[in-house]
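Trainee: I have not looked at this one before. Can you walk me through it?

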Amino acid sequence: MLGSPYLAVAAKPQPHPRPAGPLRSRSYGGADFQGVLAGYAVIGPIAQGAFSQVLRAQRVSSDEEVAIKCFNRRKMTDSEDADGMRRELDALRSLSHKHVMRLHERIDAPSSTYAIMEYLSGGSLKLVLAQRSTPLPEAAAAAIVAQLASALAHCHERGVIHRDVKAANVLFADSSRRAVKLVDFGFAMPLSGRSTQLMPKCGTPSHMAPEVHLHRSYDGRRADVFALGVLCFQMLTLLLPFDAPNLEALKVRVLKGHRRPLGQSHSAGAKSLVNAMLQTSAHDRPDAARVCSHPWLPQPQHSPPLPSGSKIAGAL
């Protein structure tokens, strides 16, 4: 599994090189590619994983650019690899939201599976934050949180838990950077029946909720909100809220709620939402739908999240 579906490797808006034409070589996409996806012209590789590869390509019939994730099932060494691919693609297929990366089509071939996805050219939020010397303005951070909270609310309504919300898994849709999309559902887990409880420990340690660190069953929806709180704090400070020299010390800090505070320059609204999302007790944390209605965030009924000349576009 790649660390992302094609993700942060698209560090900045890409130029538009001439497509290489319909594929003539097995160097991209596996042995099945030429026969199954002859209608696509490959522009070039984007990312490479242990058993998957992501290509930037163009539909020959329409010139639409897409990202093609190619899973080589022959390289999957155990059933968990295949299960992870299935969960990722099932999650994407079940979702339809303007701030979640779209899966256009899944194609199964004898030895490979191909996921045709929308191509997001604006680069990752992780790179944007890494290149800044000052934190994002509150208005820009609030607009991004509003979009991601809306995306998570949709995921949770559809029974999908992301489990790895972080800056590397947030991409800007295009070079205008007016909209973000949640990507990389490689760790996604469906909720079974009416249960909201998950068991496997999963995610990025610095973004994992206290209950996830405890290796017990947990409410995946509230764990996603905690990770969003970590990301919000990071955008406002360029720092992570929980700082420790090693994983065990990090776990202790997270479990005790010992984190950096936001500064005096931050508004009461920003502090209110960050404090709510980073509550140590999952029961005290809002769900994603409640986050969407927090007064610090722009409300869609009053103003579109990122209109032309938006706060994010101006701030980044």
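Mentor: We will go through the sheet, then the cores, then some single residues.

Mentor: Keep in mind that this is a predicted model.

Trainee: Fine. In what order do the strands of the open sheet come?

Mentor: The order is β1-β2-β3-β5-β4, five strands with antiparallel pairing.

Trainee: Which strands stand at the edges?

Mentor: β1 (40-48) and β4 do. Each has a single partner strand, so one side of each is left without a neighbour in the sheet.

Trainee: And what does the twist average from one strand to the next?

Mentor: The average is 25°.

Trainee: Let's take β3. Is it mostly covered or open?

Mentor: Mostly covered: of the eight residues in β3 (residues 65-72), seven are buried.

Trainee: How many bridges does β3 make with β2?

Mentor: Seven, with β2 (residues 52-59) running antiparallel to β3. As one example, Ala57 has Val66 in β3 as its bridge partner.

Trainee: What about β3 and β5, how many bridges there?

Mentor: Seven bridges join β3 to β5 (residues 112-118), and these two strands run antiparallel. Cys70 stands opposite Tyr114 in β5.

Trainee: And β4 with β5? How many bridges join them?

Mentor: Five, again in the antiparallel sense, with β4 covering residues 103-108. Leu103 has Met117 in β5 as its bridge partner.

Trainee: How many residues lie between β4 and β5 in their hairpin?

Mentor: Three residues lie between β4 and β5. β2 and β3 form a hairpin too, with five residues between them.

Trainee: Which residue in the β2 and β3 turn has a positive phi?

Mentor: Asp63, with a phi of about 70°. Asp63 is not a glycine. Most residues other than glycine have a negative phi.

Trainee: Is Asp63 buried or exposed?

Mentor: Exposed, because its relative accessible area is 51% and the cut-off for exposed is over 50%.

Trainee: Which helix lies across β3, β4 and β5?

Mentor: Helix α2 (residues 79-94) does, and α2 runs at about 140° to β4.

Trainee: Switching to the inside. How many residues does the largest nonpolar core have?

Mentor: The largest core has 75 residues. Those with the most contacts inside it are Leu125, Phe185, Met235 and Trp296.

Trainee: Which helix gives the most to this core?

Mentor: Helix α4 (residues 138-157), with twelve residues.

Trainee: What does Trp296 touch, leaving out residues up to four places away in sequence?

Mentor: Its contacts include Glu138, Ala141, Ala142, Cys232 and Leu236. Ser267, Gly269, Ala270 and Leu273 are also touched by Trp296.

Trainee: Which residues does the second, separate core include?

Mentor: That core has twelve residues, among them Leu37, Leu55, Val66 and Ile68.

Trainee: Now aromatics. How many aromatic pairs does the count come to?

Mentor: One. The rings are those of Phe226 and Phe242, with centres 6.0 Å apart and planes at 20°, so the pair is stacked.

Trainee: Where do Phe226 and Phe242 lie?

Mentor: Phe226 lies in helix α6 (residues 220-237), and Phe242 is in the loop between α6 and α7 (247-256). The pair therefore ties together parts that are 16 residues apart in sequence.

Trainee: Phe226 and Phe242, buried or exposed?

Mentor: Phe226 is buried, at 1% relative accessibility. Phe242 is buried as well, at 4%.

Trainee: Last topic, Arg177. Where is Arg177 found?

Mentor: Arg177 is in the loop between β7 and β8. Its phi is near 55°, a positive value in a residue other than glycine.

Trainee: What does the charged end of Arg177 sit over?

Mentor: The ring of Phe172, at 5.5 Å from the ring centre.

Trainee: And why does Arg177 count as buried?

Mentor: Because its relative accessible area is 15%, and buried means under 20%.

Trainee: What about Arg178, where is its place?

Mentor: Arg178 is in the loop between β7 (170-172) and β8 (180-182). At 33% relative accessibility, Arg178 counts as partly exposed.

Trainee: How far apart are the C-alpha atoms of Arg178 and Gly122?

Mentor: They are separated by 9.4 Å, with Arg178 and Gly122 being 56 residues apart along the chain.

Methods
Residues are numbered from 1 along each chain as its sequence is written. This is a predicted model: local features need pLDDT of at least 70, side-chain atom pairs count only at pLDDT 80 or more; totals for chains, interfaces and linings use all residues. Side-chain values use heavy atoms; hydrogens and water are left out. Buried means under 20% relative accessible area, exposed over 50%, partly exposed in between (1.4 Å probe, protein chains only). Helices (H or I, at least four residues) and strands (E, at least two) are DSSP runs, numbered from the N terminus. Two strands pair if DSSP finds at least two bridges between them. Rings of Phe, Tyr and Trp (its six-membered ring) pair if their centres lie within 6.5 Å; planes under 30 degrees apart count as stacked, over 60 as edge-to-face and the rest as tilted. A charge sits over a ring if NZ of Lys or CZ of Arg is within 6 Å of the ring centre and within 35 degrees of the ring normal. A nonpolar core is a set of buried Ala, Val, Leu, Ile, Met, Phe, Trp, Tyr and Cys residues joined through side-chain atoms within 4.5 Å. Contact means heavy atoms within 4.5 Å. Axes are lines fitted to C-alpha atoms, for helices over the stretch in contact, and angles run from 0 to 180 degrees between N-to-C directions.
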